[in-house]
Amino acid sequence: MIKVRNLSKHFGDLVVLKDINADIHKGEIISIIGPSGTGKSTLLRCLNLLEIPTGGNIFIDDIPLLDTKTNVPKLRRKMGMVFQSFNLYAHLSVLENLTIGPIKLLGKTKAEANRKAIELLKLVGLAEKVYSFPDELSGGQKQRVAIARCMAMESEILLFDEPTSALDPTMVSEVLAVIRRLAREGITMVIVTHEMEFARNISSRVFYMDEGLIYEEGTPQQIFDNPQLEKTKAFINRIRSLNCHISGINYDLYALQGEMETFCEKHMLTKKVSGYVVLIAEEVLCLQTDFSDINISLSYSEKDGSLEMICESAGKPFNPIIEGAEDNIGLKLILGRCISVDYRYERGKNILNLKVKGE
């Protein structure tokens with residue numbers, strides 16, 4: 001239903017989208033996730049020409065949207081957009097908000113438009129608000145009216161730009177419930193969202209965007225349970241990381257430990273866990289034989305609470321876990337405070353992977 005080919009968008013020297021390619025089929029529900037500032041909303045706005053792309057093309061039912069011969073207003077009527085900030089007409093009642101478009105643009109009679117509007121308000125659970133004005137509605141109710149207004153235009157494609165981001169948390173569920181109901185109706189939807197569980201449960205496919213690209217795409221199971229690319233993994237697992245580099249034997253151990261303590265405190269890890277991290281780092285460094293190029297990283301997953309330390313060091317292969325003396329107290333301290341310790345040698349580096357115990 002929608003084909004995007006080599007789409008790019010620049011704002012002056014700022015490149016927001018670069019070489020986007022995607023296919024969206026009729027009846028699919030595509031969730032677009034990713035960090036803020038990676039072009040998610042801009043992609044959505046390009047699909048219905050609220051932003052004019054810098055390059056590439058968009059096809060709606062195989063009709064090129066950017067072709068000068070294309071009847072763009074007619075084609076855009078196939079797409080309705082629900083914004084973060086509702087964009088209802090404050091001086092019109094709920095009924096009038098839903099009927100003004102069909103009467104003026106679709107040529108519907110007032111009676112036809114009113115009848116359809118009331119049906120749609122029933123669908124989104126707001127039939128009793130038909131004569132209310134936007135200022136009399138809650139945020140969740142306004143967003144449901146905005147969804148009904150899109151459907152009143154007989155849109156075949158609905159674009160949602162973070163439809164719950166401006167809502168109080170208590171109102172999010174009512175809007176998501178309406179979107180779930182629309183999904184059962186078989187309407188094609190593209191949803192930019194930060195609601196991860198919602199995206200997992202409702203989507204046919206998920207696009208993970210980063211650096212102005214569709215960085216990875218797949219089914220919800222693939223993206224949320226088995227992402228293939230590092231940035232996707234970090235985003236899905238909400239991984240926070242710290243990297244410390246050592247380039248000589250006269251490194252400042254106390255500064256290194258201070259950085260690690262600050263990292264643990266920032267992510268509200270307990271003093272006990274912070275103590276484990278500091279001790280493990282010190283003992284791991286005591287096992288090293290080459291200090292010319294050592295990198296120690298900490299990775300904390302907000303999703304499952306796991307904490308991992310990786311030590312990469314230059315030099316010949318040396319597995320301290322196997323080759324360390326059995327009576328090495330430092331080694332015993334490491335093993336006692338880790339769930340697991342794994343060693344491998346890759347690309348001229350000794351890599352020690354340690355999963356730190358929690359509480």
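Where is Glu162 found? Glu162 sits in the loop between strand E7 (157–161) and helix H6 (169–184); helices (H or I, at least four residues) and strands (E, at least two) are DSSP runs, numbered from the N terminus.

## Basis of the report

This is a predicted model, in which local features need pLDDT of at least 70 and side-chain atom pairs count only at pLDDT 80 or more, while totals for chains, interfaces and linings use all residues. Residues are numbered from 1 along each chain as its sequence is written, and side-chain values use heavy atoms, with hydrogens and water left out.

## Overall form

The protein contains 13 helices and 15 strands. Its radius of gyration is 27 Å, well over the 21 Å that the globule rule gives for 359 residues, so the protein is more spread out than a compact globule. The radius is taken over C-alpha atoms, and the rule is 2.2 Å times the number of residues to the power 0.38. Taken along the principal axes, the box filled by the C-alpha atoms is roughly 90 × 45 × 35 Å.

## Surface, contacts and charge

Of the 359 residues, 48% count as buried; buried means under 20% relative accessible area, exposed over 50%, and partly exposed in between (1.4 Å probe, protein chains only). The protein exposes about 17800 Å², with carbon and sulfur atoms supplying 50% of this area. Accessible areas come from the Shrake-Rupley method with a 1.4 Å probe; for residues, only the protein chains shown count as cover.

Among contacts between residues at least 6 apart in sequence, 64% join residues at least 24 apart, where contact means heavy atoms within 4.5 Å. The protein carries 43 positive and 47 negative side chains, and the centres of the two sets lie 8 Å apart. Lys and Arg count as positive and Asp and Glu as negative, without His and the chain ends; the place of a charge is taken as NZ of Lys, CZ of Arg, CG of Asp or CD of Glu.

Helix H1 (residues 40–47) includes Thr42, which counts as buried at 14% relative accessibility. Leaving aside neighbours within four places in sequence, Thr42 is in contact with Lys9, Phe11, Val16 and Leu17.

Helix H3 (residues 94–105) has several buried residues, among them Val94, Leu95 and Leu98. The buried residues of H3 pack against helix H4 (110–123) and H5. After H3 comes Gly107, with a positive phi near 75°. Helix H5 (residues 139–152) has 14 residues and reaches 20 Å from its first C-alpha to its last, close to the 20 Å expected at 1.5 Å a residue; the expected span is 1.5 Å times one less than the number of residues. H5 is mostly covered, with 13 of its 14 residues buried. Just after H5, Glu154 takes a positive phi of about 60°.

## Loop residues

Glu162 is buried, with a relative accessible area of 14%. Its phi is near 45°, a positive value in a residue other than glycine. Met268 lies in the loop between helix H10 (253–266) and helix H11 (271–286) and, at 75% relative accessibility, counts as exposed. The phi of Met268 is also positive, near 55°, in a residue other than glycine.

Asn226 occupies the loop between helix H8 (220–225) and helix H9 (230–236). Asn226 is partly exposed, at a relative accessible area of 47%. The C-alpha atoms of Asn226 and Met153 are separated by 39 Å, the two residues being 73 residues apart along the chain.
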